[in-house]
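Dear colleague,

Please find below the structure that I am handing over to you. My notes on its helix packing and aromatic rings follow it.

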Amino acid sequence: RSELLNGTISYEECHLKDSQCSLESMKGKPTLVYPGGETSCMNGDDYAFAFATTGLGQGFQNKQNMANPFRSYTVVEPIYCSGDAHMGDRVQEWSDKQFPQKGYANANSAMSWAKTNVNATLSNLVISGFSAGALGTMGWSYHLLGMFPHERASVLVDSYAGIFPDGTEGPTLKDWGACSLPIFSESNQGLCSENQLSTKVALEAAMAAYPKVGFGYIQSKVDGSQIWFYKGLAMSNFMMGAADIEGPDFYNKTLALFEEYTLKFPNFVEILLDGDQHCYTESDLFFSATTANSDGEISNGTLLVQWVTDFLQGNASSACQGALQGADPSHGDDYCDKLLTPKVLNLDR
């Protein structure tokens with residue numbers, strides 16, 4: 001049967017308990033696949049992942065826009081409904097109620113289906129996510145790059161740098177039940193058990209292990225949602241000083257992280273966009289946003305979609321619009337870090 005979501009696109013449904021839900025049988029139609037088993041949304045609803053599109057024809061999934069470098073890609077999307085950045089494996093109990101956080105099982109069901117249904121060796125593999133999916137991309141990329149043989153691969157992280165109040169990320173991952181997940185190396189599983197794992201450490205393992213894979217970040221300089229979540233996590237841990245963070249300080253922390261990646265990994269680049277926009281790849285801002293303005297209203301600067309197109313071909317450089325200065329909160333939040341720009345992607349190691 002078909003299901004209508006958001007009054008816009010009709011999706012076919014397929015249940016793995018009744019069918020193999022093969023890629024061939026879908027004939028390119030947008031399809032929600034219900035894997036069953038351990039999968040679940042946090043509210044207890046049945047989980048489904050999507051084949052072809054759930055983006056309402058926008059962003060990456062706007063296949064009518066000739067500028068879209070993903071027009072010919074097969075898209076498999078682990079829909080997000082678990083509250084754990086796709087890395088949870090436990091049932092939480094709050095106020096005498098149970099809440100399954102099964103993000104790992106949910107995402108793994110989609111990846112296992114893809115492994116069965118796509119070519120043995122992919123010509124181009126792109127691992128990407130936005131917002132919580134960006135954190136999931138950081139956590140899963142090491143595992144997925146080994147899971148799917150490929151001729152060329154890229155990892156593209158949209159709108160979550162992985163900046164959190166000190167000492168909060170490790171305990172959160174452990175609380176989600178992530179420490180024994182096979183997406184992490186044995187050493188990182190050990191760090192997780194000691195409350196020391198972070199998405200940064202997980203991503204660094206992937207960047208080091210796959211030097212011929214490009215790793216790129218799409219990041220607004222003062223992403224309002226990332227700052228909001230940072231403040232919320234700080235307040236939840238009674239870190240009231242950290243909860244006072246504002247744009248320039250958050251931007252400085254982001255630059256410090258990107259400086260570290262830049263110094264360690266030739267296969268890392270980033271594009272920084274002026275403004276506070278949260279997420280680009282799921283909307284048609286993907287085609288209009290530039291480094292000069294995240295809402296696409298200003299035409300100068302580096303066009304995001306062109307930067308991504310170049311990045312996928314291994315030809316990108318770090319991009320930013322503004323005066324080149326040393327990273328410092330006193331400089332505000334609209335300048336560019338002279339240690340980051342320009343930096344050319346290097347996949348020759």
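In these notes, a residue counts as buried under 20% relative accessible area, as exposed over 50% and as partly exposed in between, with a 1.4 Å probe and protein chains only. The model is a predicted one, in which local features need pLDDT of at least 70 and side-chain atom pairs count only at pLDDT 80 or more, while totals for chains, interfaces and linings use all residues. Residues are numbered from 1 along each chain as its sequence is written, and side-chain values use heavy atoms, with hydrogens and water left out.

Aromatic rings

Rings of Phe, Tyr and Trp (its six-membered ring) pair if their centres lie within 6.5 Å; planes under 30 degrees apart are stacked, over 60 edge-to-face, and the rest tilted. The whole structure contains 19 aromatic pairs. One of them joins Phe70 and Tyr73 edge-to-face, at 5.2 Å centre to centre and 65° between the planes. Both Phe70 and Tyr73 are buried. Ring pairs also link Phe60, Phe70, Tyr73, Phe286 and Phe287 into a cluster.

Tyr142 and Tyr210 form an edge-to-face pair, with 6.5 Å centre to centre and 70° between the planes. This pair links distant parts of the chain, 68 residues apart: Tyr142 lies in helix H3 (residues 132-147) and Tyr210 in the loop between H6 and strand E10 (214-220). Tyr142 is partly exposed, with a relative accessible area of 31%, and Tyr210 is partly exposed at 22%.

Helix packing

Helices (H or I, at least four residues) and strands (E, at least two) are DSSP runs, numbered from the N terminus. Axes are lines fitted to C-alpha atoms, for helices over the stretch in contact, and angles run from 0 to 180 degrees between N-to-C directions. Contact means heavy atoms within 4.5 Å.

H3 and H6 pack at about 45°, with axes 8 Å apart. They are therefore oblique (angles under 35 degrees are roughly parallel, over 145 roughly antiparallel, 65 to 115 roughly perpendicular and the rest oblique). On the H3 side, Leu135, Met138, Gly139, Ser141 and Tyr142 meet residues of H6 that include Leu203 and Ala206.

Helix H6 (residues 199-209) also packs with helix H8 (residues 247-264), at about 20° and with axes 12 Å apart. That angle makes H6 roughly parallel to H8. Lys200, Leu203, Glu204 and Met207 of H6 make the contact with Leu257, Glu260, Tyr261 and Lys264 of H8.

Yours sincerely
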